[in-house]
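Subject: Structure handover

Hello,

Here is the structure we talked about. Please look it over before reading on.

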Amino acid sequence: MKKRYIITTAYIFFLMLPIYWLVSMSFKTTGEILGGFSLFPQEFTLENYRTIFTDPTWYWGYFNSIFYVTLNTVISVSVALPAAYAFSRYRFLGDKQLFFWLLTNRMAPAAVFALPFFQLYSAVGLFDTHLGVALAHALFNVPLAVWILEGFMSGVPKELDETAYVDGYSFPRFFTTIFLPTIKSGVGVTAFFCFMFSWVELLLAKTLTAVDAKPIAAIMTKTASSAGYELGLLAAAGTLTIIPGAIVIYFVRNNIAKGFAMGRV
Amino acid sequence: MAFEIKNITKKVDGQTHIKPTSLILEAGHFNVLLGETGAGKTSLIKLMAGLDRVASGQILMNGQDITRLSTQKRNISLVHQFFVNYAHMTVFDNIASPLKVAGMAKSEIAGRVEEAADILQLRPFLARRPHELSGGQQQRCALARAIAKESNAIFLDEPLANLDYKLREELREQLPELFAGRGAVVVYATSEPEEALLLGGKTVLMNDGRVTQFGTTAEIYRNPLDITSAKVFSDPPINTATVTKKGAEVVLNGTIKWALDGDAANLRDGDYAMAIRPNDVAPLRTSQSTVGVTGQVQVTELSGSESSAHFSFGAQKWVSLAHGVHIYDIGQPREFFLDPSKCFYFGADGMLAARG
């Protein structure tokens, strides 16, 4: 093996090791996990997955998560599109300040907002709803989406807009049939990042839900029973949470590279 | 078809970009907007296209006021310097797009697109995407989109500037026949005087947001109205110097003298700004009437059939442009010969006072 491959190989090895360990654990019994060190499952079992796929409190956790994450992605991208267009195409009073202020929303820790959100949601009836969590996550994702989309939109020359108007396109028609297809990789990248941030965010999602909209990550913290931690079950649930992210990454992998090239991701 | 603008102005952030401008542009010939980068050509086109709002003034098309009419409703075409095409559409759909928006029948669209594609030799590429074409083909696609639509006015904003030399020559030759007989007002912006001369028609000289002269291209090349127009319509830059007229003679730098005749002889005595085109300053004596000027050769360029030399004498930095290959020694003094009959004399107000 050539020298230059060594670092890459070592990097990938260390990167994959915890993931391998998680997957391997999910096929072990809790007894074996606690029993000692084993590289492969000695006693291969699908019992952990069976529990998750048959117990509604478990699989509803996934549905809840996927539901509010999707809702959040749709809200964030559709709200950010017109905002990013305005930032990219027009000069108005305080535009640069407003743009920066949007970004500062991402700088505050989620914990700061947890209590006000909880209080507000309890008052208006958004507590423990998918929409509630999706809206709370929009606080972080809308600025991010505006930031990324603005980069992609500014990469499109203004002459494209002008050409379309000259050709007779009205603004809405131009935006939907010309502009959006032109920046579709930007929309893909934005959707991916919104999805990811909402998918891994735990604090707000946990604070603002009780039963009906409880995310999978919150349910996982409940595996502590009188018999101790059910580690095998926890590992299986963890493995399953990786899958949606992996699927989304697969679809936008080429666009992400483009996003990095644009310098906004 | 005629396009008329009356006293239009344009302001950006309190700064005047287009000073009061009035023009009548007609169909049947090229209307070339000639000026340096930043002279306001693109600004003027945007105003005429309705992409920008005028601060004051009126725009008329065939006598109808269209000042407040939106771009979409003006029925015009526009080709930018950069190749602007719709990246996600095929070439066919690109050319067809204005027709589709206008709600034309499918069968008619196909006929029009194919006609435009044939003229611009795009027929083999109709199924491709713009990014699969070369730069010249992409710009031809944009041109095809502009001519497929039967518009009232076609604006071409330096359409050839981003193409390489060969393609530029090729397309420039095609342009006049492309728009001939279409009945549309053709406005062509360029920063190259040579291009204006090659395209013919009428030329609008622009400088610093102002129209300095407007007329038949050959006419305004021969008779610049003022010194700015003379400068705009000359490449390489026109040679200028301050001369003093006394009696029947003018004196340049105290020592170089020549006799005046014709118009110039009747000028009042005093200082004038003199200008002469580089191709009227020759490296060899061609006739007895030419006047010798000795200058230090600084830079020389050889471009195919022409040789140019930049030389300085006194406070002047001049250029000589001559046919054929001439060898100059850089840093050495050399005598150049100006033709007094080709001189322009401008008064203190910058207006043309007399020709040599």
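Below is what was found in it, taken chain by chain.

Please keep in mind that this is a predicted model.

Chain A

The secondary structure of chain A consists of 13 helices and two strands. Its C-alpha trace spans about 70 × 65 × 30 Å along the principal axes. Of the 265 residues in chain A, 34% are buried. Taking contacts in chain A between residues at least 6 apart in sequence, 80% of them join residues at least 24 apart.

One helix pair in chain A was examined. Helix α7 (residues 130–154) and helix α10 (residues 184–200) of chain A have axes 9 Å apart and pack at an angle of about 160 degrees. The cut-off for roughly antiparallel is an angle over 145 degrees, and α7(A) is therefore roughly antiparallel to α10(A). The crossing of α7(A) past α10(A) is right-handed.

On the α7(A) side, the residues that meet α10(A) are His137(A), Phe140(A), Asn141(A), Leu144(A), Ala145(A), Ile148(A), Leu149(A) and Phe152(A). Their counterparts in α10(A) are Gly186(A), Val189(A), Thr190(A), Phe193(A), Cys194(A), Phe197(A) and Ser198(A). By class, this contact of α7(A) with α10(A) has 10 nonpolar and five polar residues, with no charged ones.

Thr221(A) sits in the loop between α12 (216–220) and β1 (224–225) of chain A. Is Thr221(A) buried or exposed? It has 10 other C-beta atoms within 10 Å, and the cut-off for exposed is 12 or fewer, so Thr221(A) is exposed. Leu234(A) is 13 residues from Thr221(A) in sequence, and the two are 8.6 Å apart in space, C-alpha to C-alpha.

Chain B

For chain B, the domain assignment gives domain 1 (2–232) and domain 2 (239–355). The C-alpha centres of these two domains of chain B lie 37 Å apart. Between them, six residues of domain 1 of chain B are in contact with seven residues of domain 2 of chain B. The domain 1 side of that contact divides into four nonpolar residues, one polar and one charged.

Chain B also has a helix pair to report. α2 (91–101) of chain B packs against helix α4 (residues 135–148) of chain B at an angle of about 30 degrees, and the axes are 8 Å apart. Angles under 35 degrees count as roughly parallel, so α2(B) and α4(B) are roughly parallel to each other. α2(B) passes α4(B) in a right-handed crossing.

In α2(B), the residues involved are Val91(B), Asn94(B), Ile95(B), Ser97(B), Pro98(B) and Leu99(B). They meet Cys141(B), Ala144(B), Arg145(B) and Ala148(B) in α4(B). The residues of this contact of α2(B) with α4(B) divide into seven nonpolar, two polar and one charged.

Between the chains

How many residues of chain B are in contact with chain A? There are 17 on chain B, and they are in contact with 14 residues of chain A. On the chain B side, the elements that give two or more residues are β6 (76–79) and α2 (91–101) of chain B. By class, the side of chain B that touches chain A has 11 nonpolar residues, six polar and no charged.

Regards

Notes
Residues are numbered from 1 along each chain as its sequence is written. Chains are lettered from A and ligands numbered from 1 in the order in which they are written. This is a predicted model: local features need pLDDT of at least 70, side-chain atom pairs count only at pLDDT 80 or more; totals for chains, interfaces and linings use all residues. Domain bounds come from an automatic or database domain assignment. Two residues are in contact if their C-beta atoms, placed from the backbone, lie within 7 Å. Ala, Val, Leu, Ile, Met, Phe, Trp, Tyr, Cys and Pro count as nonpolar, Asp, Glu, Lys and Arg as charged, and the others, Gly among them, as polar. Helices (H or I, at least four residues) and strands (E, at least two) are DSSP runs, numbered from the N terminus. Axes are lines fitted to C-alpha atoms, for helices over the stretch in contact, and angles run from 0 to 180 degrees between N-to-C directions. Angles under 35 degrees count as roughly parallel, over 145 as roughly antiparallel, 65 to 115 as roughly perpendicular and the rest as oblique. A crossing is left-handed if the near helix is turned anticlockwise from the far one by less than a right angle, and right-handed if clockwise. A residue is buried if 20 or more other C-beta atoms lie within 10 Å of its own, exposed if 12 or fewer, and partly exposed in between; C-beta atoms are placed from the backbone.
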